[in-house]
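Subject: Model for your files

Dear colleague,

Please find the model below, with notes on what was found in it.

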Amino acid sequence: YETVNVDYVSKSELSFSKYKKVPVLTVNGCQINDSAIIIKTLSPIIYGRPLSEVEQAQIDETTTKTMLAFEVVMFQSDKDIQKYLDKFFKDEGCMAWIMKMVAPFIMRGIPGKIIDKHPDLQSIDHYGATFKARLTGPTLGGAEPGPADAQLWGIVAIAKEAGMEFGEAWLAAHGLAPWYAAVAARMPRPIFAA
């Protein structure tokens, strides 16, 4: 496989597509958008079988609830917004500089928009406790990580990679550090570009 880092300002790497959000996966010329759909599409290839109903429900909950709860926390503080921008907006130049100046103002509004759109959204602690209770072994998939493990691991990995302390605190508060390590051991390297 080939990983292509996308410039968040120009998104020129996505010139082939009308869809301008990431992630985007292209397999044999077929474009697949949205992380939940990518996981659903790739699961038969990666796991040798389609998603079970339970796995699909776990993926749906991760996408429509846990990920949003993480984004609420991720973009609540100027400190975490800056860490995110410093890690994932590394490009130099005038446009990148302008983006780093403007993005915090835009990103500060994300938590409120998510909460307004999803008033039933629980805290990340609620989803952490729920996830921990569902573990059937070292991972949600049992002895080996399943699709929902990979998806949630990716969300936590973004926070950890950016140096956002709440990711580590969330893992510790729910006894999920061993789960994170078990899934991390199965992930290809590198996950994030240097």
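This is a predicted model: local features need pLDDT of at least 70, side-chain atom pairs count only at pLDDT 80 or more; totals for chains, interfaces and linings use all residues.

**Helix packing**

Helix 7 and helix 8 cross in a left-handed sense (left-handed if the near helix is turned anticlockwise from the far one by less than a right angle, right-handed if clockwise). The contact involves Leu-152, Val-156, Ala-159 and Lys-160 on helix 7, and Phe-166, Gly-167, Glu-168, Trp-170 and Leu-171 on helix 8; contact means heavy atoms within 4.5 Å. By type, the residues of this contact are six nonpolar, one polar and two charged. Here Ala, Val, Leu, Ile, Met, Phe, Trp, Tyr, Cys and Pro count as nonpolar, Asp, Glu, Lys and Arg as charged, and the others, Gly among them, as polar.

The axes of helix 7 and helix 8 come within 6 Å, and the crossing angle is roughly 130°. Axes are lines fitted to C-alpha atoms, for helices over the stretch in contact, and angles run from 0 to 180 degrees between N-to-C directions.

Residues are numbered from 1 along each chain as its sequence is written, and side-chain values use heavy atoms, with hydrogens and water left out.

Helix 7 also packs on helix 9, at an angle of about 105° and with the axes 10 Å apart. Helix 7 and helix 9 are therefore roughly perpendicular to each other. Helix 7 contributes Asp-149, Leu-152, Trp-153, Val-156, Ala-157 and Lys-160 to this contact, and helix 9 contributes Trp-179, Tyr-180, Val-183 and Ala-184. Eight residues of the contact between helix 7 and helix 9 are nonpolar, none is polar and two are charged.

**Buried faces**

In helix 9 (residues 177-184), the buried residues are Trp-179, Tyr-180, Val-183 and Ala-184. Buried means under 20% relative accessible area, exposed over 50%, and partly exposed in between (1.4 Å probe, protein chains only). Down the axis of helix 9, its buried residues fall within an arc of 130°, so they line one face of the helix; the arc is that of the directions from the helix axis to the C-beta atoms. Their cover includes helix 6 (124-134), helix 7 (147-161) and helix 8 (165-173).

Helix 6 has Ile-124, Tyr-127, Gly-128, Thr-130 and Phe-131 buried. Viewed along the axis of helix 6, these residues fall within an arc of 165°, so they line one face of the helix. They pack against helix 2 (53-74), helix 7, helix 8 and helix 9.

**Single residues**

Phe-131 is in helix 6 and is buried, with a relative accessible area of 8%. Not counting residues up to four places away in sequence, Phe-131 touches Leu-140, Asp-149, Leu-152, Leu-176 and Trp-179. Phe-131 and Gln-58 are 73 residues apart in sequence, with their C-alpha atoms 9.2 Å apart in space.

Leu-135 sits in the loop between helix 6 and helix 7. The C-alpha atoms of Leu-135 and Trp-179 are 8.8 Å apart, for 44 residues in sequence.

Ile-59 lies in helix 2 and is buried, at a relative accessible area of 0%. Its C-alpha atom is 8.4 Å from that of Lys-40, which is 19 residues away along the chain.

Leu-25 belongs to strand 1 (residues 24-27) and is partly exposed, with a relative accessible area of 23%. Beyond four places in sequence, Leu-25 touches Cys-30, Gln-31, Ile-32, Ile-38 and Leu-42.

**Chain as a whole**

The protein chain has nine helices and two strands; helices (H or I, at least four residues) and strands (E, at least two) are DSSP runs, numbered from the N terminus. Their order from the N terminus is β-β-α-α-α-α-α-α-α-α-α. Of its 194 residues, 36% count as buried. Among contacts between residues at least 6 apart in sequence, 61% join residues at least 24 apart.

Regards

Key:
Angles under 35 degrees count as roughly parallel, over 145 as roughly antiparallel, 65 to 115 as roughly perpendicular and the rest as oblique.
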